[in-house]
Amino acid sequence: MSGWNIVYGLINFAILAVALYFIGRKLVVKGYRDHREKVERTLARADETVVEAKNLLDAIPDAMAAGERACGEILTAAKAAAEENSRLSREKLAAEEERLAAENDKTLRLARADLRRELGDEAAAGIGEAAAALLTQEIYAPQRAALCERQIDAFAADYRPCPGELECFADEGRARIAVRFAEKTDEAAAKRIERAVAAAVEKYLGRALPTEMTVSVDPALIGGVKIEIGDTVFDGSLEGQLRLAKDALAASGEGDLTEELKEKLSQFEGGMKVYQTGRVASLSDGICSVTGLSDVMAGEMLAFPGALRGMVMDLREGSVGVALLGNYDELREGDLVLRTRRVMEVPVGEALLGRVVDTLGRPVDGKGEIRTEESRPVESPAPGVIERRPVSVPMMTGIKAIDALIPIGRGQRELIIGDRQTGKTAIAVDAIINQRGKDMICIYVAIGQKESTVASVVDRLEKRPCSISRPTPARRWASISCTAAGTC
């Protein structure tokens, strides 16, 4: 048994050795093959690296040239960008300087205009007093006497009583005349005036009336004669001419006061200014009652002291109601009121575009005088419905919520209603700005607004200027007004 065990052990050992041989040989062969492939791959990569290195060595000059070109291009682009930025900076600086210069010029003009308005009355009064002192000198006595004679002759030849005067004469049963001479004169001059009035009253009234004449000497008239017949004044005095010139100077906002006074006095030809007078009876909230003015017309413009003007709104027996157009803080009961014999009107034309004016069309923006050739009465009848062009062109406000919900057309009336400080003016101004370049002329009318509010609106519109071209037949007008009560 032991011998067979040895044989079996040897056989098993031989089988194990053969199995190990084949297994080991296979592993060795596989390992060798893998190592050889790895070496071959390494050698191949080394060859590729050598080729790449050689290619890189060959490409180094080209790369250096390309790098130099790229650097040159970058430097050129950087230099161009720097020059462009410098140009833009210079342009921006120039634009800013121009804007600041324009703002400074505007501020200077407005300050000059404000100063002129504030000092206009005092300066005009001072210049008027100097002119009066000059004209009262003895050297001009012959000229003053000749002036008085010419005025009396002209009055006697041309006097025609007004309908209101005739009615007053008929009611009173007499013709009241008040004559004031600047210097003492003979009674014959006053008698000539009285006879001329009596003859004219008898001619136009159809019957003779007694006359009641008072004659006085008033050195304040400087020269000439002043005749008062009822409410009508025939003023040929030098004092009256100076007063009219001073009022005109006070109302003017431009130019040299002395030169303007010289120009206005040079236009005096020695004639008599004829006007009807009245007196302020009561005053309240921009409305006053004036007595006298027997022949005044509805809608007529009246001249109050200084540059203040008013418009006749109500005709009553014995008095008229007047709407004041301007600052009436200095107006008092008993102040003199003059007729202008002109229906209230304002200048119209393209010269007003881009300007800020008061109720009479006078500039208040300090940009000089507005020269227009036409005017339009304030109380003008509106065109009839048949004459108006139909609303067919939309008008966009630029506010999406409004434009999407509320259709608005050019020529259409639209209200912006709301409480104070709710943005009504902002909507109106935005709508005006949005019309830029759309062949649309917009007019902002500020009624009862503070000067600061109007100034802010003007400043905002000037920062967003609109190009102005000549009107074409297709152009429509938009007018937006705001009131202090909160309705636009």
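Strand S3 (residues 225-229) pairs with strand S4 in the antiparallel sense over four bridges; two strands pair if DSSP finds at least two bridges between them. The model is predicted: local features need pLDDT of at least 70, side-chain atom pairs count only at pLDDT 80 or more, and totals for chains, interfaces and linings use all residues. Residues are numbered from 1 along each chain as its sequence is written, and side-chain values use heavy atoms, with hydrogens and water left out.

- Helices (H or I, at least four residues) and strands (E, at least two) are DSSP runs, numbered from the N terminus.
- S3 and S4 form a hairpin with two residues between them, and Gly-230 in the turn has a positive phi of about 65°.
- Ile-227 stands opposite Phe-234 in S4.
- S4 also pairs with strand S5 (residues 273-284) in the antiparallel sense over four bridges, and Asp-235 stands opposite Lys-273 in S5.
- Thr-232 and Phe-234 on one side of S4 (residues 232-235), and Val-233 and Asp-235 on the other, are all buried (under 20% relative accessible area, 1.4 Å probe, protein chains only).

**Aromatic cluster**
- The structure holds three aromatic pairs (ring centres of Phe, Tyr or Trp, the last by its six-membered ring, within 6.5 Å; planes over 60 degrees apart count as edge-to-face).
- Phe-155 and Phe-234 form an edge-to-face pair, 5.0 Å centre to centre with 80° between the planes.
- This pair links helix H2 (residues 141-158), which holds Phe-155, to strand S4, which holds Phe-234, 79 residues apart.
- Phe-155 is buried at 3% relative accessibility, and Phe-234 at 9%.
- Tyr-159 and Phe-234 have ring centres 5.6 Å apart and planes at 70°, so this pair is edge-to-face.
- Ring pairs link Phe-155, Tyr-159 and Phe-234 into a cluster.

How values were computed: Buried means under 20% relative accessible area, exposed over 50%, partly exposed in between (1.4 Å probe, protein chains only). Rings of Phe, Tyr and Trp (its six-membered ring) pair if their centres lie within 6.5 Å; planes under 30 degrees apart count as stacked, over 60 as edge-to-face and the rest as tilted.
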